[in-house]
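Hi everyone, thanks for making time.

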Amino acid sequence: MSDLIELQEIAREFIDKRDWRKFHTLKDLAMNCSIESNELMEIFLWRDLDFEKNIINGNDKKSLTMIKNEVSDIFFSCLAIADHLNFSLEDAYREKMSELNIRYDPDKVRGKLSKIPSPDKDSGR
Ligand SMILES: [Mg+2]
């Protein structure tokens with residue numbers, strides 16, 4: 001069993017022990033994922049680059065803990081969506097990374113910030 005499958009099972013068990021599945025709709029799970037992402041962004045709101053440098057340099061443990069918590073919340077919501085739709089987040093992630101490796105050929109994009117248009121505008125995110 002992969003670590004990610006085990007983590008997906010931990011999320012499922014957490015939800016089921018609390019009988020929360022009945023409240024889970026795709027809409028609410030997606031909104032939760034977005035809200036948790038916004039909570040991560042809020043940590044950086046109105047902060048200058050020194051704030052980030054202090055976290056990276058290990059001088060702001062409180063903010064690092066806040067970041068870890070929000071990233072974990074985001075991850076949990078991703079696992080919950082995958083579980084709700086009964087797909088493997090590991091497989092989806094591997095497939096997405098394969099797509100990105102093709103779209104962003106290192107020989108073409110190394111060191112560049114320009115965005116490359118998606119080959120399929122309908123699903124190209
Ligand atoms: Mg949160």
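The protein chain has 6 helices and 0 strands, where helices (H or I, at least four residues) and strands (E, at least two) are DSSP runs numbered from the N terminus. Please keep in mind that this is a predicted model: local features need pLDDT of at least 70, side-chain atom pairs count only at pLDDT 80 or more, and totals for chains, interfaces and linings use all residues. Residues are numbered from 1 along each chain as its sequence is written.

What about the overall dimensions? The C-alpha trace spans about 45 × 40 × 30 Å along its principal axes. The radius of gyration is 18 Å, whereas a compact globule of 125 residues would have one near 14 Å; that radius is taken over C-alpha atoms, and the globule rule is 2.2 Å times the number of residues to the power 0.38.

Of the 125 residues, 6% count as buried. Buried here requires 20 or more other C-beta atoms within 10 Å of a residue's own, exposed 12 or fewer, and partly exposed lies in between, with C-beta atoms placed from the backbone.

Now to helix H4, residues 61–84. Which residues of H4 are buried? They are Ser77, Leu79, Ala80, Ala82 and Asp83, and they pack against helix H1 (3–17), helix H2 (26–44) and helix H5 (89–103).

Finally, Leu49 is found in helix H3 (residues 49–56). Leu49 counts as exposed because it has 7 C-beta neighbours inside 10 Å.

Methods:
Contact = placed C-beta atoms within 7 Å.
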